Amino acid sequence: MSSSAPTAVHHVHRDDYGSRMGMWLFLFTELVLFGGLFIVYSVYRFTHQQEFHIAAQELNTTIGLINTIILLTSSMTAAMSITAMQKGNVRFAKGLVWVTIMFAFAFMVNKYFEWSAKIHHGIYPGSKELLNKPEGEILYFGLYYVMTGLHALHVIVGVVFFLFILRHIGQGKVHQTQYVRLENAALYWHLVDLIWIFLFPLFYLIH
Amino acid sequence: MAHVAMPVDKIEPSYLEVTTNTHKGLLGWILSVDHKRIGLLYLYTMLAFFFVAVGFGFMIRLELISPGKTFIDAQTYNQFFTLHGIIMIFLFIIPGLPAVFGNFFLPIMIGAKDVIFPRVNLLSWYLFITGGLVAVAGWLLPGGSADTGWMFYVPYSVRTTTNVLPALTAAFLLGFSSILTGINFITTIHRMRAPGMSWFRLPLFIWSLYATAWVQVLATPIIGITLALVIIERTLGVGIFDPVLGGDPVLYQHLFWIYSHPAVYIMILPAMGIVSEIIPVFARRTIFGYKFIAFSSIAIAFFGSLVWAHHMFTAGMSDTAMFVFSFITFIVSIPSAIKVFNWVSTLYKGSIQADPPLLYVLSFIFQFSIGGFTGLMLGALSVNIHLQDTSFVVAHFHYVMFGGTGFGIFAAMHYWFPKMFGRMYNMKVATWAWAIVTFGYNLLYFPMFIMGYLGMPRRYYDYLPEFQPYHFASTIGSWILILGLIIMFTNLFVGMRRGAKTPKNPWGGETLEWTTQTPPIVENFHEVPTVTTGPYDYSEYEVAKKEGT
């Protein structure tokens with residue numbers, strides 16, 4: 001239908017407040033997404049209290065604690081990178097984003113060892129070992145894999161988000177007076193952190 | 001609405017001729033971030049799916065014209081009603097008004113150049129079309145299309161050998177698309193209003209989109225995670241809902257309806273917004289009870305999110321829970337009734353002009369009222385036990401979803417058609433099409449109330465001979481309805497191509513979209529409008545009418 005010569009029209013519109021608002025709304029949807037899983041968890045925890053209690057003892061609280069510390073620290077470095085950017089210290093801001101990504105990597109390595117230890121012991125969905133356990137424990141480990149797995153997926157998405165920001169900093173799209181994308185990436189990262197703060201007690205600490 | 005800066009009537013190439021990128025032809029459409037083009041992309045894809053789903057509906061009705069096998073076997077019949085439901089709900093009614101008319105008119109009606117995140121807007125269309133294609137793949141792949149009904153109830157959806165995975169994935173992607181649209185609309189309404197466009201000067205369609213967008217944002221993730229869990233359960237064998245592994249199928253039903261009941265309001269609220277737009281224009285009267293209509297949208301969105309378990313009264317729940325859910329269900333009827341009363345009061349003593357958009361709106365009010373009242377019957381615990389899973393329920397939700405939202409979409413198409421395409425359809429044909437569609441529609445669905453009340457179960461392939469007269473009438477109704485739809489869409493299509501050119505404001509509307517060029521230019525307005533009064537300001541007409549001039 002566009003028969004006449006098309007002239008490109010660009011909307012030059014900048015609204016940092018609006019961008020942050022969009023990000024917050026997206027974070028609400030993420031909270032509700034995990035909220036659905038928390039409902040499932042609470043219902044099954046309520047109906048199978050004894051078995052959840054026994055199954056939870058299989059998890060290694062120390063690794064969980066280390067991962068909690070890693071994520072909390074990474075949230076701090078993400079927040080610091082915004083302040084560094086605001087003060088015009090681009091190199092330092094970039095460095096802090098890289099540190100955040102390194103922490104994310106460390107978290108995933110821990111997670112890898114944790115999961116492979118479970119799988120090594122024959123505890124994975126559909127395994128004979130697991131199916132011989134009582135129903136409550138099957139549900140517990142099912143939820144363990146789904147919820148920590150979905151969280152790990154969010155960690156990866158967060159890293160990709162930060163890699164894009166690094167590229168944008170390199171291209172000069174993100175700088176001292178235009179850093180809303182970095183802020184949004186950090187907001188997302190805080191959400192990843194926040195969800196872990198709930199997962200950690202639910203699976204590792206409540207006995 | 002009076003404006004300080006009246007746009008000059010200079011003619012510039014419209015959005016149909018100029019796009020936001022440098023491509024021509026198809027690429028100029030599918031890569032354009034112009035909200036109007038995206039709205040039309042949604043319209044065309046959505047209508048394509050609608051026609052397919054009408055086809056499946058036609059075949060379901062044809063099979064049921066007589067007891068026993070008529071022309072398809074029971075398994076095919078199960079797949080057809082599943083496809084009919086999935087397409088109509090996820091690909092037509094949910095995106096119907098917000099994604100098509102919301103996209104096209106939301107920025108124009110608040111005096112903005114575009115939505116706040118134009119690229120996210122295009123992304124959500126791509127998610128929509130991908131979801132649609134994945135669904136289509138599920139029907140064509142070996143194994144046969146899903147036969148679970150659109151609700152995907154566990155454990156059957158985990159066990160059946162048909163292609164449930166593509167259907168689930170499609171619904172997941174479509175949900176994501178819906179969420180992005182919702183985020184875009186909320187932020188746009190908050191941040192992009194023209195100078196002077198305060199919250200209580202917003203057109204009521206915008207209020208209804210605002211309420212809808214919140215439901216989209218806050219309820220859709222629940223269906224996302226629930227369907228993802230079924231996908232995980234089916235592919236990896238993780239025990240979550242399957243009772244063999246200790247899961248609880250009723251928990252699935254709760255999670256499903258926590259989204260899918262509010263989704264009903266995603267479907268109906270924008271249609272109510274359309275009605276609130278059209279009535280003042282064709283009655284030449286300021287809308288009665290603006291704030292009540294605006295807040296009743298919010299109230300419906302709020303209470304509608306707390307009633308989901310009324311779909312499950314026979315599934316096993318405590319008496320207290322049943323009582324509470326039944327009570328809140330009754331509460332939802334209050335804001336709905338407030339709207340109906342306000343619409344009727346607006347029409348009262350108005351200078352009514354019965355053009356096709358208003359005729360569809362009148363059908364809406366009539367049919368939505370029937371749908372609403374039968375909803376109250378179903379929400380009553382004692383009656384529900386008798387009517388659960390009968391065709392009474394089918395009739396009820398078709399009266400709300402089709403008789404309400406579907407007719408709302410038809411009304412919107414006829415109302416905004418001249419603005420979107422700059423041409424007018426044939427009024428006489430449109431009026432005839434309306435009469436045929438309304439008659440066929442009621443003949444199709446009303447008998448279902450009666451036979452449902454007499455005990456005809458829903459989704460059954462076969463039935464007792466005593467139900468034959470009702471089924472027969474219903475099938476005849478489906479033919480008349482489809483005839484009407486063919487006339488209506490042919491008329492619109494011909495009008496789009498060859499209709500007479502229309503002026504800027506053929507209906508005498510007072511909202512911002514009627515002040516701009518027809519069809520609108522890419523940036524909607526030549527200069528940013530300044531708003532000084534509320535919408536639907538027909539005080540001049542009303543004064544003139546009182547004085548008898």
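**Helices and contacts**

Me: What makes the span of helix α14 (residues 427-454) of chain B agree with 1.5 Å a residue?

Reply: The 28 residues of α14(B) should span 40 Å, and the end C-alpha atoms are 41 Å apart, which agrees. The expected span is 1.5 Å times one less than the number of residues. A helix here is a DSSP run (H or I, at least four residues; strands are E, at least two), numbered from the N terminus. Just after α14(B), Gly455(B) has a positive phi of about 115°.

Reply: This is a predicted model, in which local features need pLDDT of at least 70 and side-chain atom pairs count only at pLDDT 80 or more, while totals for chains, interfaces and linings use all residues. Residues are numbered from 1 along each chain as its sequence is written, and chains are lettered from A and ligands numbered from 1 in the order in which they are written.

Me: Why is α3(B) called roughly parallel to α13(B)?

Reply: The axes of α3 (residues 74-109) and α13 (residues 391-421), both of chain B, come within 11 Å and cross at roughly 25°. Angles under 35 degrees count as roughly parallel, so α3(B) is roughly parallel to α13(B). Residues making the contact include Phe101(B) of α3(B) and Trp416(B) of α13(B).

Me: How many residues of chain B are in contact with chain A?

Reply: In chain B, 44 residues are in contact with 33 residues of chain A, where contact requires C-beta atoms, placed from the backbone, within 7 Å. Helix α7(B) gives the largest share of this side of chain B, 10 residues.

Definitions and conventions
Axes fitted to C-alpha atoms, helices over the stretch in contact; angles between N-to-C directions. Parallel < 35°, antiparallel > 145°, perpendicular 65-115°, else oblique. Contact = placed C-beta atoms within 7 Å.
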